Amino acid sequence: MVNAPIEPARPVIDWSLFTWTPMRVVAGAALMLLLAGGVSLLQYSQATDLVLPNGAPVGGDFAAFYAAAKAAAAGAPAGPYDAATFENFLKEVGPPLDRYGLTWQYPPTFYLIILPLAFLPFTFGYLLWSGGAALAFLSLLRGRLLSKAYTPGVTLLAVIASTTFFQAIITGQNGFLTASLLILAAWRPDARPIIAGLAAALLTVKPQLGVLIPIAYLAGGHWRAFGVAATGSVALAAMATAAFGVEAWVAFFQSAEQTAIYLQAGVMPLHKATTPFAFFVHAGVDATLAGAAHAILAAAAAICVFWVWRRLKDPELRLASVCAAVFFVAPYGYYYELIVLAPPVVILVQRGLRSGFLKLEELVITAMVLGPMALPSPEVKVGFSAGFPVVALVALGVWRRVAHDACAAPQQAPILDR
C-alpha cells in the first residue's frame, strides 16, 4: 500500500495579496483618485459663496493664511495673534461664515512667505498656495528620491492618490511647504550645504518641525550647512523685525504661551493631533504623565536620528530618519501635516523594490498608506486617536530598515565637511 503524499498546510492568510506590483499600485491609486475626486467635486459643486455644505470654507485653513497676509499688508501684523481680532480679520476677507474659530500661531517670519497672498483674490490665492506647493513637493520627490527609481511614475501616482496628499490639499494647510523644506534641509547637506542650510533656516517659520535638523547636522559634522542655517535664521528674524516691528514678536510669544496652556489643558483639538502627548491625553492619561512619556519618546527619537547621521552615509536613510521622527519631537502637530511622512514611505518602497522587501514589510507599508484614512479621529473628549499610531508605524518601519541595512553594510564613518 502506497501512502498518498502529504499536502503542505495552506496559510491562513495569503500574504501575496499584499505584494506591491506596478499594476496593483496603479489600480489602487486610480480607485483612490476617483473616490477623492468624486467627493471633492460633489462638495464644491454644492458650495455657496465659497462655503461648503458642511459649513467649512473652500480651502479650509487657507483662510487663516490669507487673513494674516492681509493684516500684515495693512500694517497690523500683531493683530492676528489676538483671537478676537483675528476672527474679525477672517470675517472681513474670507468666505462668509458666522464663526471661523481659527488662531494664528506662526512667528512673524512666516509673514515674509505669505505676504504676496494679500494681493491676490481668495480663490486664486488658494489654488496657488496649495497647488503650487504640491507641485514643488512632487518635483522634489521626483528629483531627489526617484531620479533613479524603479517605476518613478507609478510611485508618484501612489503619492498623489494617498490620503495624506488629499488632506494636505483640501485643508489648505502648509504641509507641502514644510515637507519640501525638510527634504531640502535633510538631503545631502554635505554636497549642498547652502541649499540645505537655507532650507533649514526657512523651516524656522514652523520651528517645531525643524528641531531635529541641527541635531542631524551636528551628528554628521555638517558645519557649513549648520552655519548657513544659523546665519539664515538670524537674518530671517531680522528681516521680519524690520518689516513688521518688535510688537509682532511680543504678540507672537504671548500667543505661544497661551497655546502651551491650552495644549496642557487638552483644549486643543487632540483628536486631530499626531504627537505622543496628544495621543496619551486624548486616551485619558494625566497631562503630566503624558508630557513625561512624550519627553522620553522625543529623546529616544533624537538619539536614533543622531546615531543614523553619525554612523551612516546613506542619504535616503538619513532623510527617512528625520522625517519619521518629526512628530515624536514636535510639541504639537496635526493630521494634515502627515505628508511629511511620504518621503520615508517612498524610500521604504523603493529600497524594497531594489533589494527585496523585509519579512511582512509590504504589509506594513500598506498599513502606512491606508492608516491615514482613519484620520482625523472621531471628536470625543476621551478616546482613541489614530494620529500617533500612524506616525509610530512609519517610524518602526524606518528603524527596522535602518537596522537591517546597517547590519548588512560595513560600519561607515560619518561624512565631515572639509
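Met 32 lies in helix 1 (residues 22-45), where helices (H or I, at least four residues) are DSSP runs numbered from the N terminus. The model is a predicted one, in which local features need pLDDT of at least 70 and side-chain atom pairs count only at pLDDT 80 or more, whereas totals for chains, interfaces and linings use all residues. Residues are numbered from 1 along each chain as its sequence is written, and side-chain values use heavy atoms, with hydrogens and water left out. With a relative accessibility of 21%, Met 32 counts as partly exposed; buried means under 20% relative accessible area, exposed over 50%, and partly exposed in between (1.4 Å probe, protein chains only). Beyond its neighbours within four places in sequence, Met 32 is in contact with Ala 161, Thr 163 and Met 373, contact being defined as heavy atoms within 4.5 Å. A separation of 9.8 Å is found between the C-alpha atoms of Met 32 and Phe 166, which are 134 residues apart along the chain.

Met 32 also takes part in the packing of helix 1 against helix 6, in which Pro 22, Val 25, Val 26, Ala 29, Met 32 and Leu 33 of helix 1 meet Val 154, Leu 157, Ala 158, Ile 160 and Ala 161 of helix 6. By class, this contact of helix 1 with helix 6 has 11 nonpolar, no polar and no charged residues (Ala, Val, Leu, Ile, Met, Phe, Trp, Tyr, Cys and Pro count as nonpolar, Asp, Glu, Lys and Arg as charged, and the others, Gly among them, as polar). Helix 1 and helix 6 (residues 152-161) pack at an angle of about 30°, with their axes 9 Å apart, the axes being lines fitted to C-alpha atoms, for helices over the stretch in contact, and the angles running from 0 to 180 degrees between N-to-C directions. That angle makes helix 1 roughly parallel to helix 6; angles under 35 degrees count as roughly parallel, over 145 as roughly antiparallel, 65 to 115 as roughly perpendicular and the rest as oblique. Helix 1 passes helix 6 in a left-handed crossing, a term used if the near helix is turned anticlockwise from the far one by less than a right angle, with right-handed used if clockwise.

For helix 14 (residues 287-311) and helix 18 (residues 387-408), the axes come within 12 Å and cross at roughly 30°, which makes helix 14 roughly parallel to helix 18. The crossing of helix 14 past helix 18 is left-handed. Here Leu 297, Cys 304, Val 305, Trp 307 and Val 308 in helix 14 meet Phe 388, Trp 399, Val 402 and Ala 406 in helix 18, and the residues of this contact divide into 9 nonpolar, no polar and no charged. Ser 321, placed in helix 15 (residues 315-329), is in contact with Val 305, Val 308, Trp 309, Val 398 and Trp 399 when its neighbours within four places in sequence are left aside. At 0% relative accessibility, Ser 321 counts as buried.

Helix 9 (residues 193-202) and helix 11 (residues 223-244) pack at an angle of about 40°, their axes being 7 Å apart, and helix 9 is therefore oblique to helix 11. Helix 9 passes helix 11 in a right-handed crossing. The residues of this contact divide into 10 nonpolar, 3 polar and 1 charged.

Across the whole structure, a search finds 29 aromatic pairs, for which rings of Phe, Tyr and Trp (its six-membered ring) pair if their centres lie within 6.5 Å, and planes under 30 degrees apart count as stacked, over 60 as edge-to-face and the rest as tilted. Phe 62 and Tyr 126 form a tilted pair, at 5.8 Å centre to centre and 50° between the planes. Phe 62 lies in helix 2 (residues 62-73) and Tyr 126 in helix 5 (residues 122-145), so the pair ties together parts that are 64 residues apart in sequence. Both Phe 62 and Tyr 126 are buried. An edge-to-face pair is formed by Phe 65 and Trp 104, at 5.9 Å centre to centre and 80° between the planes, and both Phe 65 and Trp 104 are buried.

Backbone features complete the description. The peptide bond from Leu 375 to Pro 376 is cis, with omega near -5°, and Pro 376 is found in the loop between helix 17 (361-370) and helix 18.

Terms used
Helix = DSSP H or I, 4+ residues; strand = E, 2+ residues; numbered from the N terminus.
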